[in-house]
Amino acid sequence: MSTSSADPTVDRGTPRTAAPRKGAAPGPRAARGSHPFARFVLVRLSVGLLLCLGITILAFVLTHAVPGDPVAANLGDRAQNDPAAVAAFKEKNGLNESLPSQYGTYLDNLLHGDMGTSQQTHRPVWDDLADRVPASFELALVAIVLALVIGVGLGIVAAVTRNRWPDRIIRVVSLAGVSMPVFWLAQVSFYLFSFKLGWIQAGGRLSPGAIPPEDITGLYTLDSLLTGDTGTFGEAFSRLVLPACVLAAFNIGVLTRFTRAAVLEALGNDYVRAARAKGLPEFTVIRRHVLRPALTSILTVAGLTFGGMLAGTVLVENVLSWPGLGQYAYKSALNLDLPSIMGVCLFVAVVYVVINLLVDLLYGVIDPRIRLS
Amino acid sequence: MQGNHPIGDSRRAKAVRRAAAPLAVTVAAALMLAACGGAKKQSGDAQGDGGTLVVDTSFSLKTADPGRTFEPTGILVTRPVYDTLLTFAGGDVTKPVPLLAASYEAAPDAKTFTFPLRPEAKFSDGTPVTAKDVVFSFNRVKNLKGNPAFLLDGVTASAKDEHTVVLTTEAADPALPFRIATPALGVVNSKTVAAHGGTDAPGADQGDKAEQFLNSDSQGSGPYRITKYDVSSEVILTRNDNYWGAKPKYAKVVVRNVPANTQQLNVLSGESQISLDMSPDQAVKVKGQAQVLQQPTPTTAFLFSNDNPATSPTTSNKDFQEAVRYGLDYKSLLDVAGAGSAQAAGIVPSFFTGALDPAKAVQRDVPRAKAALARAGLNNPSVDLYYASDVTINGINFGDLGARVQANLKEVGITINLKPAPTQTALDSYRNGSEAMGLWWWQADYPDASDYLAFTPGELVALRAGWKADANAEVSGLAQRAKVATSDAERVQLYKQLQEAMNKTGPFMPLLQPAQVIAANNTVKNLHYNPIWYIDVDKLG
């Protein structure tokens, strides 16, 4: 078995001749400079744009397919019985128009930077998202870092200690991670670590009535560090730990199992045996010859994981009172608040498109063969 | 294969330790920083300056603009910010008492109400409260055409002089003083609100632009000001230094959006002082460790059997309705609702003027129910029962309640098919009157029996149960008389008669009033339950 054919990072659909040797002169395609790369990015962005458009149509149609009425959801019993109040509500929210016309108006407004006004908060959806996205982003970012560091780390340890006790323990832990429902884990963790043991504060981004740090990025931990406010950083970080760990738990399980499988596959290759035979330190062997080929697969899972975390925030934020996008999405759905639902869907779609694009670009950074092809 | 290389194993272990070291250092550093102190508090947090009261509740909040507020959390936070002409003292909602008004006088025909204002009352910016502000606030509520607009149907507000407001009504309206005490009719500073896009003119529903301003900077004359408003996480009230009345104890009140399960733990751990949404089951767990108020709410859970033959020939049968009424085991339903709940004797809650004596409540009578079913001539009737499955009202899951109704009526010979649906879906069929049987609730809009005239023939809720205007002359006649009766004694008598008549022949079966549980840790003093706004945060000691 040749080294290259056993390497899991090789795209099986790509002719082997497409991967030139290191240091070889660039081929004719590479000589054309960044043009194919720019075209690749442009195509991906165009597809992403179409995808976002499709998401808006889907969200719009599905929200209207629910057998509920925004008037009933937003007006009380008395007001709903008052024709003047109903007419005023419909007029204000553009509900008198036909559905295609409503959608057309939405798109037109969207192109002008107006995502509409939320029926539940009575504020521009853009402002609502701007308030909530940093909270969810901070939570998801810490969770993904935790998931990557712990998940990949445990996966490597499990692989190199295959079938021995560390591997067995890690496999049980990772199975528990993927098996436990997030809402249950959030409740139990809060009860145990915050209430019973008192190790961690939880509920909200800061203690009740505390002054948030100066708004620079919207991430309280980062903003408090940038302004040198260690007290607020301590509190913001301590309140971030529990929701981030809960959110990361499932993904730690997924990444551990995936990394273990990818590393085990790489460990069995001849080039790893050759590297060891050459007397390279084990850390270097794993980092350079095992982890790197496995990284493209791990990256794919990590990209999907980050998007999946946005869905996970709905449960975590509601149970642990985290004022982010998940809480907003839940309330929007409950109130059939169409502009907010559309805003959340569009935002999540954009995140998915951007993350996938970044992952594709990172493939090239990690694997020179993909970059050159 | 790896197990065969002990030297390789040791190298791998070393490699793992090397990889783990930076992670361990990072986590340790972060935890040390996390332990190094708390966030800055807003001024007024010092113990000597009143401190902070933290109240946990599951938010039902859309706005802090009193002219648009009608959700429970909105009422809780706007009540201590916007003084009303009248209010209710403590938990007694049977008698409105003056607040911004020094007193009030109702004409004998109950069509004219005069309110002289307190001369000392002033807004949070120090400007005095005038009759012009009251007229502006009331006209704005009417013309915004939002949820609270119906409170002023047929009411005209005018300023007799700078400090006297006169309200006139088209017909006798003895319930007006009760509606006036509703926080949605809080008085705003007309000058500043108008300066920020507010208007009280017709067309305000499209033209008024003051909501965002009022969400960020309150303009009331109450003991607190809103200094932070986040519709999904927390609202912060800060003591109004210009308040004309007694200074509240707490310098700051933080009302947070917290799920009910977490509220229990927060109160016990001291993270918050008050919880408003625990279930009766949770209340049992905190008793002894915290003070608990547990009593019926002004919400009536009811069952209806649609009176419209076109919707259901079965449920519109009067004998079938009697079979349902006497087939229900009301005491077993209270088991579902938990301690503190009470059987609803009539549709009007027990602590409102005109409520029916508990002794007059319908009791289960299975032989009578079976006899009625036999008279109905229905052989093993099977009926669909609709309810909202995704909502819990004061700890009551309507799925559990529906299952208990199903079991009760099976003993009588009626088969109930449970038809759960998400609230927004179920509301549609409920409001368009297409449900054969429905299990719903009604929360008082204001604490007066007249709010429940909506259940009389041809009115809002009655039409949802197919009870048309001409369906019952006796009940309609009593409702008309009760609506315009001006003497308290006459009103009480008529509302009681009305409910007794409805309990005999109407399609509604009032079931229960759920329990409201308010838990507070023992540092909170002077805690009382108010059926409309839960607690008076400014009166807590």
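Let me start with chain A: 39 Å separate the centres of its domain 1 and domain 2, taken over C-alpha atoms. This is a predicted model, so keep that in mind throughout. Domain 1 of chain A runs over 70-114, and domain 2 over 130-372.

How many residues of domain 1 of chain A are in contact with domain 2 of chain A? Four, and they meet four residues of domain 2. Helix α4 of chain A, residues 70-74, gives three residues to the domain 1 side, the largest share. By class, that side has three nonpolar residues and one polar residue. No charged residue is among them.

Now chain B. Here, too, there is a domain 1 and a domain 2. Domain 1 comes in two pieces, 24-294 and 517-539. Domain 2 covers 299-513. The centres of these two domains are 32 Å apart, again over C-alpha atoms. Their contact takes 19 residues from domain 1 and 15 residues from domain 2.

Which elements give two or more residues to the domain 1 side in chain B? They are α4 (176-180) and α9 (280-286). That side has 13 nonpolar, four polar and two charged residues.

A few totals for chain B. I count 17 helices and 21 strands in the secondary structure. Along the principal axes, the C-alpha atoms fill a box of roughly 95 × 75 × 45 Å. The chain has 541 residues, and 54% of them are buried. Next, contacts in chain B between residues at least 6 apart in sequence: 70% of these join residues at least 24 apart.

Last, the contact between the chains. Chain B puts in 62 residues, and chain A puts in 61. Where does the largest share of the chain B side come from? From α1(B), with 13 residues. That helix spans 6-34. Other helices of chain B that supply at least two residues each are α6 (204-207), α7 (211-216), α8 (260-269) and α14 (423-431).

Methods: Residues numbered from 1 in each chain as written. Chains lettered and ligands numbered in written order. Predicted model: local features only at pLDDT ≥ 70, side-chain atom pairs only at ≥ 80, totals over all residues. Domains from an automatic or database assignment. Contact = placed C-beta atoms within 7 Å. Helix = DSSP H or I, 4+ residues; strand = E, 2+ residues; numbered from the N terminus. Nonpolar A, V, L, I, M, F, W, Y, C, P; charged D, E, K, R; others polar. Buried ≥ 20, exposed ≤ 12 C-beta atoms within 10 Å, placed from the backbone.
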